[in-house]
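This report goes through one structure, from its DNA contacts to its sheets and helices. Please keep the sequence and the coordinates at hand while reading.

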Number of protein chains: 2
Amino acid sequence: MTISDVAAELGLTKGTVSRALNDYPDIAEGTRLRARRVADRLGYRPLGSAQAIRTGRCRAIGLVLETDEHDAHRPFLDLFLAGLSDGAAAQSWTLTVATAPVGAARETYQRLIEERKADGFVLPRTRLEDPRVELLRASDVPFVLFGRHKTTEGCAWFDVDGADAMRQTAHTLVARGHRRIAYVGGSPGYAYNGERHAGLVHGLAEKGLALDPKLVRHGANSRAAGEAATAELLDLAHPPTAIVFAVDRAALGAWRPAEARGRLVGRDLAVVAYDGDPEGAYAEPPLATWAVDWGRAGTVLAEMLIKRVLGTPAEDLRDTMPAQFLDRGSASFQQSSDPAGSGAENQSHMGGDS
Amino acid sequence: MTISDVAAELGLTKGTVSRALNDYPDIAEGTRLRARRVADRLGYRPLGSAQAIRTGRCRAIGLVLETDEHDAHRPFLDLFLAGLSDGAAAQSWTLTVATAPVGAARETYQRLIEERKADGFVLPRTRLEDPRVELLRASDVPFVLFGRHKTTEGCAWFDVDGADAMRQTAHTLVARGHRRIAYVGGSPGYAYNGERHAGLVHGLAEKGLALDPKLVRHGANSRAAGEAATAELLDLAHPPTAIVFAVDRAALGAWRPAEARGRLVGRDLAVVAYDGDPEGAYAEPPLATWAVDWGRAGTVLAEMLIKRVLGTPAEDLRDTMPAQFLDRGSASFQQSSDPAGSGAENQSHMGGDS
DNA sequence: TCCCTTGCCGAAACCGGTTTCGGAGATGAA
DNA sequence: TTCATCTCCGAAACCGGTTTCGGCAAGGGA
């Protein structure tokens, strides 16, 4: 079923039918309607490749997943893909997925670009120094970042407001009586990391507190790393009463070392994390965390990328979405015991500026 | 950089260059080499859409993921995608991914087929009555099933030998002294389910045992369902000493109800499951499970599908891969206690045949 | 009445490849 | 030498669309 068949049925030429279906202004309204009606009576679908060759667009959004053995577990990938797919499908676009070893994505992008398998890319996991940005800019290929930071000028981006989530986390924990609050960050080099850290610092500052550098750990993106960080923190002379993790998977490592030291999460130690990993719901007590609507994020990113490809300037394509707090058991704190000794001094009050 | 540019550089016509690069026999060997050399000196890549329009192939393998809220968690999706992507990329193919609500995949396939966004499909999660098979057959679109069963005649398929895994599980458990072995199946309707069940039955039979129908539960594909099934089984008059789960996620639900009944997994109750979910490694004791090499499976499926599209008959495209047993703590059994009362009778011995 | 717009469609070029067909030149046999 | 055969490449059609261009006919103004 080609456009020529439709044209023959209508007694028109294929050029006319093409213009009619694509809303060219030089087509009579009646003709346009007739064409449209006949086209979908005959079940006509333009062949993607055929239009691509002339228009230069294949109506596909590209997604390159970087496979990282250390951090391979992505519980939300399916939701994210579903969101992207929906957003794309709504405009008859599709999703081209490829994978690459974490450092060597360059060739993968190159191939997809040269063979024009995608009109643009969604870049998950924005990094602070992101080589993908340079690459795509050099090739003049549109893209949308998932995650933002200061050096992403001129880029279109979408982000979940992790900073605000952490800011509110600070408020909540302070309101619940915590003064010594620790922070365990995730993979350094990724934008989300600095964002969440900054948000926590900001939130504490608003309550007149500073984040004690001794209570900060970095690079915990696995359960094992979370266990190690927790152990270190709890073994300090003045251990924290609350630990904020940048990622759920690390947070799930808090239970064992805490228990081994006679402290119960949700009673003697508050734990709050970020991601909304369903696994957290099965912890005992369940992990309090900030859930991200990955499906929605995917849909928005798809829509933004399509607009970008169609010409909307990058500056007009920026948006954020809030995360949602799941205030579960691990965030409570009953101060029923005080393993750090009574009278442990408060977290240092801040100095003058900011 | 089009083929015409290459032709101009060579002083040939584009038709000749096309034939040279595609190994037509009517091209002189010297010309072929010269063309190839110039082509990749100039960095020429044929435009996928352009070839697609004439050849009818877009060099893309299609994958439609059915989003199932109840069973949405797919910890291996990224590995599987990586495998597919690698297998495809090795032959300059790409991967087109779409998602669909679990029952309503039909339209998604239709669209992908009509717009020729994929030359064939990999069908994950083969079901016993699989509407996708009819659909694709009717449209005469090649496909490869991931998972097999008796009614998949005439189909190309690849499968991980879950039956043999369960068979060996039976042997192992019997060797460790178990006689009352329970089985908790996953989502009914999926091929893997019957396969694993049958494998366990077979393995027990080889040791002269039968699977007691009272020790069988179905439909447990989540942690919560696994908890419920475990609770039921342990509350029987003659509870099992070992439980075999079809899926890891359900198996992870065994710990709590066991503990609540004073039985420790890995001591009073053996638990073996299937999938190799990394989460199982963090259970206490860690979950014994059969790990599947999802990446390898993806690669094989991609290769098979490409061959299928290129004309290899379905009957020649069938293969299996073994799963690998991770014999961890939950599978041990020390019979240090006997909550079912001493002298609990053995699992009934089988009758005459088979 | 004549000319100039305007609306609307046909014709044809075009996109970047693939594939068919035919013919020029070399080769070999008669 | 002549004719048939092969080898190898050019020319052109083709795939299924999109886009440009030109022209016919109707409508409007002078």
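The text below takes up the DNA surfaces, the chain interface, the sheets and the helix packing in turn.

The model is predicted.

**Surfaces near the DNA strands**

DNA strand C is surrounded by 24 residues, with Gly15(A), Thr16(A), Ile3(B), Gly15(B) and Ser18(B) the closest. DNA strand D is also surrounded by 24 residues, and here the closest are Ile3(A), Gly15(A), Ser18(A), Gly15(B) and Thr16(B).

Four helices each supply at least two residues of the surface near DNA strand D: α2 (14-21) and α4 (48-55) of chain A, and α2 (14-21) and α4 (48-55) of chain B. For the surface near DNA strand C, α2 and α4 of chain A and α2 and α4 of chain B likewise each supply at least two residues. The largest contribution near DNA strand D is made by α4(A), with five residues, while near DNA strand C the largest share, five residues, belongs to α4(B).

By class, the surface near DNA strand D has nine nonpolar, 10 polar and five charged residues. The surface near DNA strand C divides into nine nonpolar, 10 polar and five charged residues.

**Interface between the chains**

Between the two protein chains, 35 residues of chain B contact 35 residues of chain A. On the side of chain B that touches chain A, the elements giving two or more residues are α4, β1 (60-67), α5 (77-89) and β2 (94-101) of chain B. Of these, α5(B) provides the largest share, seven residues. That side of chain B consists of 18 nonpolar, eight polar and nine charged residues.

The chains are also joined through strands. Strand β2 (residues 94-101) of chain A runs antiparallel to β2(B), and three bridges link the two. Within this pair, Val97(A) has Leu95(B) as its bridge partner.

Gly62(A) has Phe121(A) as its bridge partner in β3(A).

Strands β8 (residues 242-245) and β9 (residues 270-275) of chain A pair in the parallel sense over three bridges. In this pair, Val244(A) stands opposite Val272(A) in β9(A).

**Helix packing in chain B**

Helix α1 (residues 3-10) of chain B has contacts with two helices of chain B, and the table gives the geometry of each.

| Helix pair | Axes come within | Crossing angle |
|---|---|---|
| α1(B) and α3(B) | 10 Å | roughly 120° |
| α1(B) and α2(B) | 8 Å | roughly 100° |

The angle between α1(B) and α2(B) makes the two roughly perpendicular. Their contact is formed by Ile3(B), Ser4(B), Val6(B), Ala7(B) and Leu10(B) of α1(B) with Lys14(B), Val17(B) and Ser18(B) of α2(B). These residues divide into five nonpolar, two polar and one charged.

Are α1(B) and α3(B) perpendicular or oblique to each other? Angles from 65 to 115 degrees count as roughly perpendicular, and the roughly 120° between these axes is therefore oblique. The crossing of α1(B) past α3(B) is right-handed. On the α1(B) side the contact uses Val6(B), Glu9(B) and Leu10(B), and on the α3(B) side Arg34(B), Ala35(B), Val38(B) and Ala39(B). The contact of α1(B) with α3(B) has five nonpolar, no polar and two charged residues.

Key
Residues numbered from 1 in each chain as written. Chains lettered and ligands numbered in written order. Predicted model: local features only at pLDDT ≥ 70, side-chain atom pairs only at ≥ 80, totals over all residues. Near = placed C-beta within 6 Å. Nonpolar A, V, L, I, M, F, W, Y, C, P; charged D, E, K, R; others polar. Contact = placed C-beta atoms within 7 Å. Pairing = 2+ DSSP bridges. Axes fitted to C-alpha atoms, helices over the stretch in contact; angles between N-to-C directions. Parallel < 35°, antiparallel > 145°, perpendicular 65-115°, else oblique. Left-handed = near helix turned anticlockwise from the far one by under 90°.
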